[in-house]
Amino acid sequence: MTPLEMVRAYVAAKAEEVTAASTPGEAFAALAELEAAIGKARERLAVRLVLDDGWSYAEVGRAARVTRQAASKTYGPAVREQMRRTIRGGGRW
């Protein structure tokens, strides 16, 4: 399974929890989990785009509709952490 397929499956599973909710409280909690899942997926994809596909933070920012500076501040720590893991032999996420 490719990283993109894994992200799609993860987010789809969380979305399914929203549609399966039987009470407003369950739906609300499931939406919160879906938002968190989307945030994690966005971060993972941004890291892969920067490290594997050579995207700049300006390109990531354009895709996310934020400035280059905002993209760097948001995704830079995750990119640097993944670089450290790769250098230490920890591999991919």
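## The overall plan

In total, the protein has four helices and zero strands; here helices (H or I, at least four residues) and strands (E, at least two) are DSSP runs, numbered from the N terminus.

A word about what you are looking at: this is a predicted model, in which local features need pLDDT of at least 70 and side-chain atom pairs count only at pLDDT 80 or more, while totals for chains, interfaces and linings use all residues. Residues are numbered from 1 along each chain as its sequence is written, and side-chain values use heavy atoms, with hydrogens and water left out.

## Size and surface

How big is the box that the C-alpha atoms of the protein fill? Taken along the principal axes, the box is roughly 45 × 30 × 20 Å. The radius of gyration of the protein is 15 Å, whereas a compact globule of 93 residues would have one near 12 Å. This radius is taken over C-alpha atoms, and the globule rule is 2.2 Å times the number of residues to the power 0.38.

The protein exposes about 6400 Å², and carbon and sulfur atoms supply 58% of that area. Accessible areas come from the Shrake-Rupley method with a 1.4 Å probe; for residues, only the protein chains shown count as cover. Of the 93 residues, 19% count as buried. Buried means under 20% relative accessible area, exposed means over 50%, and partly exposed lies in between (1.4 Å probe, protein chains only).

Now for contacts, meaning heavy atoms within 4.5 Å. Among the contacts in the protein with a separation of 6 or more, 42% come from residues 24 or more positions apart.

## How α1 meets α2

Two packed helices are described by the angle between their axes and the distance between the axes. Helix α1 covers residues 3–20 and helix α2 covers residues 24–51; their axes come within 8 Å and cross at roughly 170 degrees. The axes are lines fitted to C-alpha atoms, for helices over the stretch in contact, and angles run from 0 to 180 degrees between N-to-C directions. The two helices are therefore roughly antiparallel to each other. For such angles, under 35 degrees counts as roughly parallel, over 145 as roughly antiparallel, 65 to 115 as roughly perpendicular and the rest as oblique.

On the α1 side, the contact includes P3, L4, V7 and Y10. Among their partners on the α2 side are A30, L31, L34 and A37. The residues of this contact divide into 14 nonpolar, no polar and five charged. In this count, Ala, Val, Leu, Ile, Met, Phe, Trp, Tyr, Cys and Pro are nonpolar, Asp, Glu, Lys and Arg are charged, and the others, Gly among them, are polar.

Start with Y10 in helix α1. Y10 is partly exposed, with a relative accessible area of 35%. Not counting residues up to four places away in sequence, Y10 touches A37 and K40.

A36 is partly exposed at 41% relative accessible area, and I38 is partly exposed at 36%. From A36 to K14, 22 residues apart along the chain, the C-alpha separation is 9.5 Å.

Which residues does Y57 contact, leaving aside its neighbours within four places in sequence? Y57, in helix α3, is in contact with V50, R68, A71, S72, Y75, G76 and V79. Y57 and A70 are 13 residues apart in sequence, and 8.7 Å apart from C-alpha to C-alpha.

Finally, visit R65, in the loop between α3 (57–64) and α4 (68–87). R65 is exposed, with a relative accessible area of 78%. Most residues other than glycine have a negative phi. The phi of R65, however, is near 60 degrees, a positive value in a residue other than glycine.
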